[in-house]
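Let's take a friendly look at where oppositely charged side chains pair up. Have the sequence and the 3D view ready as you read.

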Amino acid sequence: SRYVETAHVIALALIAVGAYLDSQASNLTRPEQMYLSQGMIAFGAAMFLPPVMAKGFAGALQKGPAYIVNFIVIFLFTQITGALLTTAFLGSFVTIREKFHSSILVENILLTRPEVAQRVGQLSAAYRKVITDPSILNAEGLTLLAQQVTREAYVLAYNDTFLLISAVATVALATLVLHLAWNWLR
């Protein structure tokens with residue numbers, strides 16, 4: 001039992017810290033900069049499940065063969081359902097946050113602002129030799145700017161998602177530690 005509790009505390013701490021580190025990404029962040037944080041999250045997730053499965057399987061073994069089949073079916077059902085629900089929730093959360101960040105970023109893009117007009121000009125400059133019509137050239141610059149805004153909004157949305165995961169893991173860790181402290185004091 002101590003092993004299970006210790007494994008869960010370490011696992012939740014790794015997930016919380018790893019997700020927090022990933023929530024600080026920018027559009028300049030590269031994969032090699034996320035090896036440590038993603039490794040922490042993966043190791044924490046891998047460390048969380050085996051103690052629970054071992055404890056449940058040991059209980060099922062004590063009750064007999066019929067309980068082993070029930071345990072396996074229930075365990076697989078909860079894992080598959082949990083994975084699907086979590087994927088759906090986090091995917092929806094990313095989409096909602098991307099729309100939120102896009103709207104905030106786009107609301108500040110006005111062609112009447114000199115820095116925006118300059119950026120559109122810089123982005124369309126690569127096509128100046130190929131596209132001679134100024135309105136089409138300007139439209140290409142706006143398209144490229146819109147792509148950059150969308151990319152930035154997705155980076156911010158994923159940062160929010162990792163921050164949410166970190167917060168949930170931190171709350172779960174605090175709850176677990178309080179529960180363990182309560183049991184220890186009793």
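This is a predicted model: local features need pLDDT of at least 70, side-chain atom pairs count only at pLDDT 80 or more; totals for chains, interfaces and linings use all residues.

Residues are numbered from 1 along each chain as its sequence is written, and side-chain values use heavy atoms, with hydrogens and water left out. The structure holds three salt bridges (a side-chain nitrogen of Lys or Arg within 4 Å of a carboxyl oxygen of Asp or Glu).

**A bridge between two helices**
- Arg 97 pairs with Asp 160, and their closest N and O atoms are 2.8 Å apart.
- This pair links distant parts of the chain, 63 residues apart: Arg 97 sits in helix α3 (residues 65–107) and Asp 160 in helix α5 (residues 134–185).
- Helices here are DSSP runs (H or I, at least four residues), numbered from the N terminus.
- Asp 160 is buried at 18% relative accessibility, while Arg 97 is partly exposed at 24%.
- Buried means under 20% relative accessible area, exposed over 50%, and partly exposed in between (1.4 Å probe, protein chains only).

**Lys 99 and Glu 98**
- The side chains of Lys 99 and Glu 98 form a salt bridge at 3.4 Å, N to O.
- Lys 99 counts as exposed, with 52% relative accessibility, whereas Glu 98 is buried at 4%.

**Arg 113 and Glu 115**
- Arg 113 bonds with Glu 115 in a salt bridge, with 2.6 Å between the closest N and O atoms.
- Arg 113 is partly exposed at 32% relative accessible area, and Glu 115 is partly exposed at 41% relative accessibility.
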